[in-house]
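Morning, everyone. Let me put the model up, and then I'll walk you through it.

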Amino acid sequence: MLTNNDIKRGISLYSFQESYFFKRLDLEDCIAAAADMGVEGIEIIPDQMIYEFPNVSDDFIDKWHGMMERYGVRPVCIDDFVESNLYKHRKVSIDEQVERFIRAVKLAKRLGCFLVREQFALGGELMTPELLEKCLPHAEKHGIIIGMEVHAPNYLGNPEIEPYMKIMEKSPYVALVVDFSIFMHTIPDVINQYYMRHGARQEVIDFALECYKNKMLGKDVIEEAHKKFKLLPIEERYFKEQFRFNRYIEPEIMKDYAPFIKHFHAKTFGVNENLVDEAIDYPRIFKVIKEMGYKGYISGENEGNRYVHDAFEYDDIEQAIRHQKLMENLLGY
Amino acid sequence: MFDRFIIHDKGFRNLYEKGKAVGFVINARINYYRGIPLSMIHDVKVIVDGECFTTDDMTFVVRGVRYSFKEMNEISNINWHFGDDLRIEIKKPGGLKPGKKTVEMYMTPRNSYFGIFEAYAKRTMTFA
């Protein structure tokens with residue numbers, strides 16, 4: 001449903017990956033489902049749900065815009081991935097990466113999106129500052145913003161993002177996409193339950209949650225847990241993964257970056273029947289977003305399916321309904 | 001992610017040429033949350049009742065076109081789509097005998113984000 005609201009509800013079709021994978025929903029079904037939930041903005045990972053990708057025809061583009069009109073939604077963002085590991089026997093050169101970026105920007109433009117999401121290369125091989133500088137003129141030429149996604153374990157306030165901020169200060173065509181994963185104040189229950197099904201002990205999980213709350217560092221936690229419990233291999237994996245990949249910072253830090261934030265991924269690992277996310281404080285985050293004077297989309301991104309496949313079928317539709325309802329309650333529409 | 005579902009129970013049957021079984025077919029699905037270019041399929045292994053087949057024994061069918069593994073390694077502009085079958089034709093003179101089989105699969109994509117990430121699944125399927 002199209003509105004004139006400053007803050008608009010969106011959804012990343014990523015949230016429907018479970019239904020798409022098992023062919024319960026196709027692309028149009030996902031968009032229809034989003035429309036049912038009163039969603040206004042559509043975000044898509046092209047190589048997840050555009051069958052023709054990377055050779056996307058004009059015929060598909062026509063159909064896409066037809067769907068946007070029929071369901072009363074707007075295209076917002078595509079999620080692109082820098083690939084340096086494209087070939088088995090050689091690395092991709094920076095020029096080839098720029099070529100692939102140009103392909104993404106052109107696709108975003110054809111789909112009617114204003115933003116291409118890219119990933120920070122913190123010690124990795126994703127969008128390095130050097131590559132970003134080379135991609136930027138192409139984004140500017142097509143009028144598309146490059147949205148650098150701040151996702152756990154990265155965080156706002158991390159000195160490693162400074163080189164990127166310098167580029168952002170020079171051009172409005174580079175911005176931040178904040179993923180709510182950086183505001184995870186506890187380890188989601190769906191994850192704890194997964195590890196407990198595989199033998200992790202309740203008292204070990206409780207200890208981990210206490211350490212997480214007290215912001216202890218991963219290395220110290222594992223050492224202490226080992227002393228206390230003599231960890232089982234599954235428990236060790238739990239500590240390693242959860243203390244390495246999760247992050248909590250105070251949502252108020254967003255105010256320091258407000259001019260640069262042009263999109264949000266409202267991450268969730270699950271919204272309960274009372275429409276509460278017990279790991280991410282949505283009311284507090286939304287309060288800050290409103291106080292910032294943010295104008296743009298908040299795209300729901302539901303990731304709870306990762307930890308249930310061993311035990312039960314995951315209902316991504318029900319989760320998306322609850323998640324959107326939670327955001328609707330906080331926005332008032 | 002979708003590790004548990006990489007072995008699809010669809011079309012698990014022998015492959016014939018001129019009335020003779022020359023191999024068998026198994027369909028795979030990706031373990032990752034998106035599709036990948038063919039070149040990013042790093043390795044595939046299929047084990048049927050303990051007998052191991054490698055990419056040297058395999059021909060892959062994507063969007064109706066057949067490729068050797070070597071050919072796929074160089075193809076970065078054609079994707080194995082998320083949730084779609086990767087049809088794997090495996091050479092085995094005489095094919096497999098019909099009936100219950102224990103099937104194991106290692107599906108190993110590669111990307112910048114995760115590096116090389118291997119999925120393993122095992123299931124019992126009835127071979128047609």
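Predicted model: local features only at pLDDT ≥ 70, side-chain atom pairs only at ≥ 80, totals over all residues.

Residues are numbered from 1 along each chain as its sequence is written, while chains are lettered from A and ligands numbered from 1 in the order in which they are written.

Start with the domains. Chain A has domain 1 (7–184 + 247–331) and domain 2 (189–243). Those bounds come from an automatic or database domain assignment. Over C-alpha atoms, the domain centres are 30 Å apart. Nine residues of domain 1 and six residues of domain 2 make the contact. Contact here is C-beta atoms, placed from the backbone, within 7 Å. On the domain 1 side, five are nonpolar, two polar and two charged. Ala, Val, Leu, Ile, Met, Phe, Trp, Tyr, Cys and Pro count as nonpolar; Asp, Glu, Lys and Arg as charged; the others, Gly among them, as polar.

Now helix 11 of chain A, residues 233–245. Helices (H or I, at least four residues) and strands (E, at least two) are DSSP runs, numbered from the N terminus. Which residues of helix 11 are buried? They are Glu235(A), Tyr238(A), Phe239(A), Gln242(A) and Phe243(A). They cover an arc of only 95° around the axis, so they sit on the same side of helix 11. That arc is taken from the directions from the helix axis to the C-beta atoms. Helix 8, helix 9 and helix 10 of chain A are among what covers them. Buried means 20 or more other C-beta atoms within 10 Å of a residue's own, exposed means 12 or fewer, and partly exposed is in between; C-beta atoms are placed from the backbone.

Next, the loops. Lys230(A) lies between helix 10 and helix 11. Its phi is near 50°, positive in a residue other than glycine. Lys230(A) is exposed because it has 9 C-beta neighbours inside 10 Å. His198(A) is in the loop between helix 8 and helix 9.

Two cis peptide bonds to show. One joins Phe53(A) and Pro54(A), omega about 5°. Another joins Ala152(A) and Pro153(A), omega also about 5°.

Last, the chains. The contact takes 21 residues from chain B and 25 residues from chain A. On the chain B side, seven are nonpolar, 11 polar and three charged.

Notes. Contact = placed C-beta atoms within 7 Å. Expected span 1.5 Å × (residues − 1).
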